[in-house]
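Subject: Structure handover

Hello,

Here is the structure for your files. My notes on it follow below.

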Amino acid sequence: MTDLQPEDRQETTGTGTKSLRSRLYRPGPLILFFTLIVAGLLSIAWFALKTPTSEPAPVASAPKETVPGPTAKPRQYEAELGSDLEDRVKQVDLAIIQAMRAAGLGMDKLDLQDVELRHHEGRTYHYQELALPSPDDRKAFMEAIRANLTSRAPKAVLSEAGQDRAMVTIFGIPTHKLFFAPSHPVAEPEIIPGPKVAVVIDDVGENMGVLKGLLGLDIPLTYAVWPNASHTDDAISLISRENQDMLVHFPMEPRGYPEVDPGDDALFVGMTKSKITALVARNLNRVPKAIGVNNHMGSRLTEHSPELCAALQVFHDRNLFFLDSLTTPKSVGRICASKIGVPFYERDVFLDNVKDPEAIVLQLRKAERLALKRGHAIAIGHPYRETLAALRSWAKKHDRKITIVSLSSLPPERP
């Protein structure tokens, strides 16, 4: 083995700067160095691309309210979600208020006497009884209400329900009863002592000649007017002019139907309560000055409590009484009247099943005897010429212990 000289050993061991440069510039270290630099730069570039651009932190705000469901909608409140019927009732309220303003009637004079939550076919509404001051021009005031109803509640109908009363119905459903305070004190009706007979004439509105003859008699009679007669309006006008009692002669199903036909707009067994309510209201509106109702035929319907009670409920709402013509001994009229609270009368004598004047007078004398025993009697006749002749004769010859009175002069019976 050859020994190296000292100079050669120093150069070989590379202990100086020259030796370091010598090592660095060798191919292996250079490649490694540049590889590390490139890797570092690539790493920096990769992190720069992956890191999202920073944004300002959002300002905290209250969460927005949304309505559950696939699409968010403006929130609705239950107080705004009334039934269609109740919404119309409120429009009627406003129509009345506007008419009062136009007539110069202060709201302090509007008295809400009663309000009742009622239900009709799943709809809830408020039935109201309102007392109003009597305006100077009652007719103009009523027309003002009707005009307001036309624009605000087209399905509402305002009708007279007596001298100082009116009713509003919506789809035939009573919603408002209006009472008008009299402009001057009303005298109490005279109390007539002794036995009394009231005579009711049914089927009014067809034979106008006989009606005029009856109105010409010097005795008070009570007239039951057909809602759909040929001369309903003319009959109402004549009876009103003579200031006589007027009833609605309401057609109801007889046992002999269809061979025995009660006429248009009759009530039938099996009708729904809503149908009866609407039909009754429509017929009552045709005789707006009526103070009560009696049945035309009805030997089948008056035996059925659900249908008759539904009709009597409307009579009650209109402040009308019910005279049961008693076309069947099985009538439930008294029971329904007691249940609902309707003033009730009941027929005692039919006058003219036999159309003979003398036979009719005999029936009138039977009514007299009943009145002498019980204090009063109610007889029902029809606008026949024979009945007119019999009443003319009886009016001159009746028992003077008997007073002939209108039906409204008799106190209603206690059902």
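Is Asn243 buried or exposed? Asn243 is exposed, with a relative accessible area of 69% (buried means under 20%, exposed over 50%, partly exposed in between, with a 1.4 Å probe and protein chains only).

Some ground rules. This is a predicted model, in which local features need pLDDT of at least 70, side-chain atom pairs count only at pLDDT 80 or more, and totals for chains, interfaces and linings use all residues. Residues are numbered from 1 along each chain as its sequence is written, and side-chain values use heavy atoms, with hydrogens and water left out.

Backbone first. Asn243 sits in the loop between α7 (232-241) and β8 (helices are DSSP runs of H or I with at least four residues, strands are runs of E with at least two, and both are numbered from the N terminus). The phi of Asn243 is positive, near 55 degrees, and the residue is not a glycine. Asn319 also has a positive phi, of about 60 degrees, without being a glycine. Asn319 lies in the loop between α9 and β10 (321-324). At 36% relative accessibility, Asn319 is partly exposed.

There is a cis peptide bond between Tyr257 and Pro258, with omega at about 10 degrees. Pro258 belongs to the loop between β8 (245-252) and α8 (273-286).

Next, the disulfide. The structure has one (a pair of cysteine sulfur atoms within 2.5 Å). Cys309 is joined to Cys336, S to S 2.1 Å. The link is left-handed, with -90 degrees about the S-S bond. Cys309 is in helix α9 (residues 305-317) and Cys336 in helix α10 (residues 333-340), so the pair ties together parts 27 residues apart in sequence. Both Cys309 and Cys336 are buried.

Last, a helix pair. α11 (residues 357-374) packs on α12 (residues 385-397) at about 50 degrees, with the axes 8 Å apart (axes are lines fitted to C-alpha atoms over the stretch in contact, and angles run from 0 to 180 degrees between N-to-C directions). That makes α11 oblique to α12 (under 35 degrees is roughly parallel, over 145 roughly antiparallel, 65 to 115 roughly perpendicular, the rest oblique). The crossing of α11 and α12 is right-handed (the near helix is turned clockwise from the far one by less than a right angle).

Residues of α11 in the contact include Ile360, Leu364 and Arg365; those of α12 include Ala390, Leu391 and Trp394 (contact means heavy atoms within 4.5 Å).

Best wishes
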